[in-house]
Amino acid sequence: MFILIVGCGRVGSSVARGMLREGHEVSCLDEDPESHARLEVGLDKGWEDLGGQFTVGAGLETDALVAAGIEKADAFIASTDGDNTNIIIAQIAQRRYNVPTVIARILDPLRAEWYERQGLHTVCPTRVAIDMLESAVREGAPRGDGPSNGSAEAA
Amino acid sequence: MYIIVVGAGKVGWNLARELLEKEHEVTVIESNRRRYLTVEQELEHNVSYGDASELWVLERAGIQRADMVIAVTGDDEDNMLICQVAREKYEVERIIARVNNPRNKPHFDLLGIKPSVSATDLILRLLEHEVPEYGLVHLLDLQEEQLEIIEMLLGKDSGVTGRRVGDLEMPEGSLLISVLRDGKGFVPVADTVLEVGDEVLAVLDPGHEEQLKTMFGPSAGNGG
């Protein structure tokens with residue numbers, strides 16, 4: 001698979017390394033040339049030496065998307081630090097370039113939920129954190145000494 | 001009408017002021033606290049603090065009953081997103097989006113966000129208008145209706161001056177709708193004879209511009 005990842009922060013760069021390790025072709029696009037260094041964290045060779053591709057540019061720039069290989073991408077991941085940017089570029093990948101698999105990272109659960117319903121594949125880390133925190137609290141509940149637990153213990 | 005304006009920069013603030021003067025109900029949403037406090041001194045309860053790409057902020061501003069949403073922030077992604085949810089989620093009938101970078105215009109079109117306004121486009125049109133030798137001026141693009149209105153100034157060597165409107169072989173799908181002469185406008189009839197210095201307005205299907213330009217412009221010769 002040819003995978004294009006826009007936004008090479010902690011999430012984007014980790015996914016990029018993981019996908020490359022699994023044997024996929026991976027191309028990253030980021031506005032910040034410095035983010036290239038993040039890709040190479042923990043690698044013993046350079047990103048390009050391992051077969052990776054890196055392009056400097058913004059996700060909204062058509063030229064940059066094309067240079068990064070969007071026209072031949074099988075999968076597109078929008079993981080910049082801007083929810084709105086991710087939502088817009090994911091739709092561009094879907095509608096203009098017909099990329100078969102498009103995933104957008106959206107931090108805001110409300111926006112994520114609505115766009116998911118519109119047919120955009122979204123990943124919402126905030127939602128995941130909320131669910132994990134809630135279930136962690138529930139699992140921890142029997143040890144608690146709040147008023148409602150007092151009766152539970154008595155029972 | 002109830003109008004929500006997103007972004008209280010120069011554009012948003014002045015727009016809100018004009019709309020309030022025309023007695024519309026207006027809420028301006030601004031996400032920068034300092035800017036909000038400045039604008040609030042004048043617009044008072046008509047300005048609201050928050051990030052309008054958060055759906056609850058839009059809902060708090062009453063987007064469900066808004067007749068129009070105008071997104072004029074300095075960020076094109078924000079303007080696109082806000083207009084998209086306004087129309088598709090909240091079914092707001094009219095939206096207007098500002099395009100900051102004209103290179104993003106195709107993205108607005110792709111997502112069906114119309115009309116979108118770019119200052120660069122406006123200045124370009126003004127330039128065309130102020131510098132008539134530029135040829136033909138786009139006054140209006142009615143994209144939905146597939147029509148345009150253009151304005152042409154007839155120069156000394158125009159191929160149509162001295163001819164009756166009724167004798168012109170206008171391309172199919174185009175129509176002369178108005179002539180401006182000596183500061184006055186009138187609707188031409190078949191017997192109207194076009195003169196040097198006339199500004200003519202034509203409505204046309206997109207794609208006929210070149211034909212009209214050739215016909216009315218200096219290169220027309222006498223063939224018509």
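B:E44 is an exposed residue, since 8 other C-beta atoms lie within 10 Å and a count of 12 or fewer is what makes a residue exposed. In this predicted model, the phi angle of B:E44 is near 50 degrees, a positive value in a residue other than glycine. As for its place in the chain, B:E44 sits in the loop that joins helix 2 (33–43) to strand 3 (47–49) of chain B.

B:E91 is not a glycine either, yet has a positive phi of about 55 degrees. The loop that holds B:E91 runs between helix 4 and strand 5 (94–99) of chain B. B:E91 has 10 C-beta neighbours inside 10 Å and therefore counts as exposed. Another backbone feature of chain B is found at a proline: the peptide bond from B:K114 to B:P115 is cis, with omega near -10 degrees. B:P115 belongs to the loop between helix 5 and strand 6 (116–118) of chain B.

On the scale of the whole chain, the domain assignment divides chain B into domain 1, covering residues 2–121, and domain 2, covering residues 131–220. Between the C-alpha centres of these two domains of chain B the distance is 36 Å.

Turning to chain A, the secondary structure consists of seven helices and six strands. Read from the N terminus, the order of elements is β-α-β-α-β-α-β-α-β-α-β-α-α. Chain A has a radius of gyration of 20 Å, whereas the globule rule gives 15 Å for 155 residues, so chain A is more spread out than a compact globule. The C-alpha trace of chain A spans about 65 × 40 × 25 Å along its principal axes. Of the 155 residues in chain A, 35% are buried. Among contacts in chain A between residues at least 6 apart in sequence, 49% link residues at least 24 apart.

Confidence in chain A can be followed along the sequence. The average pLDDT of chain A is 92, and 90% of the residues score at least 70. Residues 149–155 of chain A, however, stay under 50, and the model has two contacts for them beyond four places in sequence. Readers with the structure open may wish to keep that stretch of chain A, residues 149–155, in mind.

Where the chains meet, 13 residues of chain B are in contact with 14 residues of chain A. On the chain B side, the elements that give two or more residues are helix 3 (55–60), helix 4 (76–88) and helix 5 (105–110). Helix 4 of chain B supplies the largest share, four residues.

The largest nonpolar core has 71 residues, of which A:I5, A:F76, B:V5 and B:V69 touch the most other members. Leaving aside residues up to four places away in sequence, A:F76 touches A:L4, A:I70, A:A90, A:A93, A:V99, A:T101 and A:V102. Apart from this core lies another, of 13 residues, including B:I150, B:L153, B:L176 and B:L204.

Technical notes
Residues numbered from 1 in each chain as written. Chains lettered and ligands numbered in written order. Predicted model: local features only at pLDDT ≥ 70, side-chain atom pairs only at ≥ 80, totals over all residues. pLDDT = per-residue confidence, 0-100. Contact = placed C-beta atoms within 7 Å. Domains from an automatic or database assignment. Rg over C-alpha atoms; globule rule 2.2 N^0.38 Å. Buried ≥ 20, exposed ≤ 12 C-beta atoms within 10 Å, placed from the backbone. Core = buried A, V, L, I, M, F, W, Y, C linked by C-beta atoms within 7 Å.
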